[in-house]
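Open the structure in your viewer and keep the selection tool at hand. The tour goes from one stop to the next, saying what to select and what is there.

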Amino acid sequence: SVFLTCRLKNSIGRKKFFNFSSDIVRQLSQQVKQNESFVPFMDVIKFRREEARRSILVQVQSAQSFKELHSYCNSVGNVRQMLHYTVGVEPLNFIVVEFASEKDVTNVLERSSYLEDSQVVPVQSQFLWFRASNRKLPKLKQSKSAILSIENGNQCVTPSEIVNLLSKCDSVSEQMNVLYNSTKLNDLGTRLRFLTARQVENAVRGMFPKAKAYPFGSSVNGYGKMGCDLDLVLRLCDDKVKNDARLMFHCKGLVGSERTASQRNMEAIGDLLQLFLPGCSQVRRILQARVPIIKYYQQLTDVECDLSMANMSGVHMSDFLYIMGSLDARIRPLVFTIRKWASEIGLTNSSPGRWITNFSLTLLVLAFLQKPINSKPILPSLNTLVKLAEPKDSYMTEDGINCTFLRDITKLKTPTENKESLETLLVEFFEFYSQFDFASKALCLNESVAITKPEHCALYIVNPLERGLNVSKNVSMEELDRFRVEARNAAWILESQENKNENWGILSIFENKRKASSVVNFAFANKHGRLVEVSTLFEENTDKPVEYKNASVK
Ligand code: CTP
Ligand code: MG
């Protein structure tokens, strides 16, 4: 696989990326999708964006329409893959059709039409529906190479299936790998997210031909699970300024301050989504936030979206998380297990608030893996990646955020010598944070060490790309205490388990229904080396703490 990577990298050559022979595209596609070997983040993004340009999404009557749709599409272009999925309980059926070239999509769209109905907005996009026909289709050419899948590719494993899968495992480490492999975002999920991005990009293309909508966050950073939200940043012009250009475009000046102007632009994009774009529903404008966003649900792809028009730092942050996750096969299963644990016991919550977010949790895991675990760290510091950066890794956002760090980790010479099992890492994670001195220390992934807190905040995690910011500023003292209590509790459960009972291993730390109102006790040494005992009283049959006692200091 190392040989394959080199060959691909050489043949990719940044500029020629999309001029591959179809064999290479297939190989790369295999690599990107099966995580066989490292492909740089931006190459994955380019590949997926290009794949979306060669694809359409078609609503069909049922999975049975598969053959007929295949015949039709293959008569217009060269179908490479078709993937079926459903949305909703009374399921609507859809098929993603991937063609061999973008020209095929252009041809398909040219032959498509609108309903004769003055009640609809006649918008054209890659989102279509397949009308039933009584006419017999002519004999059509067969595509030998097309991969057809009529399984419902959007289906998540149910909670009871997960319990079933995990209870059959032989070890906690195996459970963690199984959890990761059975819940991570699949190929179809990724395609649907890139098609969702493509729809927005296409919608503004007339005025902004260079517009790009980049997915970022868990959809692309390697920590996304099936059904995860799509974070999108829409850039109206992502082209480099041409210093030697003689003819310049006339453009309107911004009205009001930059922030007011950006809020008004976002409002206009919100209207566009709401009024014109098929499938975009529940459009909510959250324009007063530090980073204004538009939330909406794309019902045809079944994806919840957060659209912003801010800078690209979120995308580079996703690159950083992606790189960290690619450095060792244990990272993603560990992050998945900890995210799942936090969600099951109610430490994280899908609505914003004073609780810890998945993003902060992920950074906590990575920071933990940067410290020596049994004297050997697993991950390098961000500063190490910055020092190894090559000229092509140099990125600066327009508002001056330096996002320069090594992108191609095959250049990192020393793989970790740490060979601890996933189970050990999980227990050590819980131990580490149940004793961490949150009162005076901040976590800093740039230097791989805890630093003195720059300002008072319950939890301080230095934003690796904007060092003056705390990514977990929102977290309250109460929520941090809860995190610590639950981490202690989880470590204790995992360490004290001897036999495999019904819900053993990681299943036992996911249990959020306590049998009766219960008290969880733990003790930790504070920064003065004194022992502090904490007891938490939980409400009956829930995971809701009703009382903390930071009682005796001995
Ligand atoms: N982000 C950031 N700085 C922050 C918060 C978020 O750079 N203070 C970026 C990160 O790249 C993060 C992305 O925005 O991954 C999306 O944030 P969020 O949706 O909160 O996290 P996800 O990683 O996408 O997790 P989830 O599955 O919960 O959506
Ligand atoms: Mg997200």
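## Stop 1: a threonine in a loop

Select Thr404, which lies in the loop between helix H13 (382–387) and helix H14 (422–435). Helices (H or I, at least four residues) and strands (E, at least two) are DSSP runs, numbered from the N terminus. Before going on, note that this is a predicted model, in which local features need pLDDT of at least 70 and side-chain atom pairs count only at pLDDT 80 or more, while totals for chains, interfaces and linings use all residues. Residues are numbered from 1 along each chain as its sequence is written, chains are lettered from A and ligands numbered from 1 in the order in which they are written, and side-chain values use heavy atoms, with hydrogens and water left out.

Is Thr404 buried or exposed? Thr404 counts as buried because its relative accessibility is 18%. Buried means under 20% relative accessible area, exposed means over 50%, and partly exposed is in between (1.4 Å probe, protein chains only).

Now show the side chain of Thr404. It makes a polar contact with the side chain of Asn402, at 2.7 Å. The side chain of Thr404 also reaches the backbone nitrogen of Tyr395, at 3.2 Å. A polar contact is a pair of N or O atoms within 3.5 Å; within protein, one must be able to donate a hydrogen and the other to accept it, and residues adjacent in sequence count only if both atoms are side-chain atoms.

Contact means heavy atoms within 4.5 Å.

## Stop 2: a sheet of five strands

Go to the open sheet, where 5 strands stand in the order S6-S7-S10-S9-S8 with mixed pairing. Its edge strands are S6 (212–216) and S8 (280–286), each of which pairs on one side only. From one strand to the next, the twist averages 25°. Two strands pair if DSSP finds at least two bridges between them.

Select S7 (residues 230–235) and S10 (residues 303–308), which pair in the parallel sense over 4 bridges. Across this pair, Leu230 stands opposite Cys305, and Asp231 stands opposite Asp306.

The hairpin of S9 and S10 has 4 residues between the strands, and in it Asp302 takes a positive phi near 60°.

Now move to S8 and S9, an antiparallel pair with 5 bridges. A hairpin of 6 residues joins them. Ile286 stands opposite Ile293 in S9.

How many residues of S9 are buried? The count is 5 of the 6, so S9 is largely enclosed by the rest of the structure. S10 is also largely enclosed, because 5 of its 6 residues are buried.

## Stop 3

Select helix H12 (residues 358–370) together with H14. Their axes come within 11 Å and cross at roughly 100°. That angle makes H12 roughly perpendicular to H14. Axes are lines fitted to C-alpha atoms, for helices over the stretch in contact, and angles run from 0 to 180 degrees between N-to-C directions. Angles under 35 degrees count as roughly parallel, over 145 as roughly antiparallel, 65 to 115 as roughly perpendicular and the rest as oblique. Where the two helices meet, the H12 residues include Leu364 and Phe368, and the H14 residues include Phe429 and Tyr433.

Then select helix H3 (residues 41–53) and helix H8 (residues 187–203), whose axes come within 9 Å and cross at roughly 75°. H3 and H8 are therefore roughly perpendicular to each other. Among the residues that meet there are Ile45 and Arg49 in H3, and Phe194 and Leu195 in H8.

## Stop 4: the whole chain

Finally, select the protein chain, which has 16 helices and 15 strands. Of its 554 residues, 50% are buried.
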